[in-house]
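I wanted to know how charged side chains pair up in this structure. My notes follow in the order I looked things up.

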Amino acid sequence: MAAGGADPLSKRVELEFNAKERDEFDRLANMYSIVRQLDFLEKANTRGAFSINDEQDVYAKACDKLLIQYKTALTGFNPPFVLDDFIAEYEIECGLAKHRITVGTNANIEHGGASGGSKDDGNETKLAMDVAAQIVTVLDHIQLNRVSTDILHPELSNLMGLLNSFSSLPIDFPTKVKLREWLAVLNAKPADEDLGDAETRQLAHDLNVGMDSIREAFTPTQK
């Protein structure tokens, strides 16, 4: 101990942050909270914590809200936020949250669930028409060169929800697989970023193939 004074090691050390550093810390803390909440929600969903007959669809609403919060939080970072780097630096175990963020939709839309599947009620012909109409809507956007993420992602999410309404379509139905891939591609882009020419042509091709697949799957076989 120093003579005639208090132990210097016992003094309180105050960390000083300037305004920019405080903002950065707040943004990181907010992002950490969002990722952890989303991972907890996904774990609860995989354990069957939410009823598939829940008309309020608590899981989907909570998941959608967190995904929106995540997207909104991204806009505050400069340089851009990189999820993989963030997870590695802070050693966060959040595999389910990472997948959900990558896809950009709740699991009911991706795989079918409380509000996203098994609701055909035997009326597959009408559903097939709804799917075809939704595909045409997306193709119209492409034709008009309206191919930004904030336009295409919601439309493809709606299309995935319609496909999941077919109780007879398996999870690995090729059109579903392609849609999940496109949702991930779009979700990785900023909201105002357009698809490139090659991506746009490929998306149009995949949608037309999907249209043919749906027609083939639900056209009565002539005997």
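I began with the term itself: a salt bridge is a side-chain nitrogen of Lys or Arg within 4 Å of a carboxyl oxygen of Asp or Glu. The model I searched is a predicted one. Going through the whole structure, I found ten salt bridges.

Entry one: a pair in helix 1.
I looked up Lys 43 and found its side chain in a salt bridge with that of Asp 39, at 3.3 Å from N to O. Where do Lys 43 and Asp 39 sit relative to each other? Both belong to helix 1, which covers residues 19–46, and because they are four residues apart there, about one helical turn separates them. I then checked how open each one is. Lys 43 has 34% relative accessibility, so I noted it as partly exposed. Asp 39 has a relative accessible area of 3%, and I put it down as buried because the cut-off for that word is under 20%.

I looked up Arg 100 next and found a salt bridge between its side chain and that of Glu 42, with 3.2 Å from N to O. This pair links distant parts of the chain, as Arg 100 is in helix 4 (residues 95–103) and Glu 42 is in helix 1, 58 residues away. Are Arg 100 and Glu 42 buried or exposed? I noted both of them as buried.

Entry three: a pair in helix 8.
I found Glu 181 in a salt bridge with Lys 178, where the closest N and O atoms are 3.9 Å apart. They are three residues apart in helix 8, residues 174–187, so about one helical turn lies between them. Glu 181 is partly exposed at 42% relative accessibility. Lys 178 is partly exposed too, its relative accessible area being 36%. I also noted a network: Glu 42, Arg 100 and Glu 110 are joined by salt bridges that share partners.

What the side chain of Lys 176 does make is a polar contact with the side chain of Asn 164, at 3.1 Å. Leaving aside neighbours within four places in sequence, I listed the residues in contact with Lys 176, among them Met 160, Leu 163, Leu 169 and Ile 171.

How values were computed
Residues numbered from 1 in each chain as written. Predicted model: local features only at pLDDT ≥ 70, side-chain atom pairs only at ≥ 80, totals over all residues. Heavy atoms only, no water. Helix = DSSP H or I, 4+ residues; strand = E, 2+ residues; numbered from the N terminus. Buried < 20%, exposed > 50% of the residue type's maximum accessible area, 1.4 Å probe, protein only. Polar contact = N/O pair within 3.5 Å; in protein donor to acceptor, adjacent residues only side chain to side chain. Contact = heavy atoms within 4.5 Å.
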